Amino acid sequence: MAALLLATLAAAVAPLTWRNPTVQTTIEGQLRRLIKAEHARVCPNELRGDAQLAWLARYGAMDMGLRGYFSHVDWVGKRVFDLMTSVGIGFPGGAGEILAWNSYPNDLAARAAFDAFMGSPTHRDLIRQCAYDELGVGD
């Protein structure tokens, strides 16, 4: 595993409840396809989906939505990289995290998040980082 990219879409919609973080949503699939397509457009390597990274991204999205915060640092001061290390996920080639928060309807949420990522030079560069080869997306 060279490097990892996590994309998290937290929604500001009520009511939110904890759900099983192993269940993929349609929004995740749409956002994953958009990110993978852009990565493939500029990089020779494919971004492969990773179940552990997806779980972390889902957990982060649910936590932010339910606790009402939006940050790369959670409510107890930990970053996703701390959690990755604590559960044994290594990232020797590096790791990146991109977050989106929106209240668009489900059929528009993934595209809105992706467009926001592409409109930000920092986030666009993470998606286009050819060193990344694993991807986890959660909403």
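Predicted model: local features only at pLDDT ≥ 70, side-chain atom pairs only at ≥ 80, totals over all residues.
Which handedness does the link of Cys 43 and Cys 130 have, and what is the angle about the S-S bond? The link is left-handed, with -85° about that bond.

**The disulfide**

The structure holds one disulfide. Its sulfur atoms, from Cys 43 and Cys 130, lie 2.2 Å apart.

| Residue | Relative accessible area | Class |
|---|---|---|
| Cys 43 | 6% | buried |
| Cys 130 | 30% | partly exposed |

Cys 43 counts as buried because its value is under the 20% cut-off.

**The overall fold**

The protein has five helices and four strands. Along the sequence they follow the pattern β-α-β-α-α-β-α-α-β. Of the 139 residues, 45% count as buried. Among contacts with a separation of 6 or more, 81% are between residues 24 or more positions apart.

**Helix α1**

Helix α1 covers residues 26-42, which is 17 residues. From its first C-alpha to its last it reaches 25 Å, close to the expected 24 Å. The buried residues of α1 include Ile 27, Leu 31, Leu 34, Ile 35 and Glu 38. An α-helix has 3.6 residues a turn, so residues three or four places apart point the same way. Also buried in α1 are Glu 28, Gly 29, Arg 32 and His 39.

How values were computed: Residues numbered from 1 in each chain as written. Heavy atoms only, no water. Helix = DSSP H or I, 4+ residues; strand = E, 2+ residues; numbered from the N terminus. Expected span 1.5 Å × (residues − 1). Buried < 20%, exposed > 50% of the residue type's maximum accessible area, 1.4 Å probe, protein only. Contact = heavy atoms within 4.5 Å. Disulfide = S-S within 2.5 Å.
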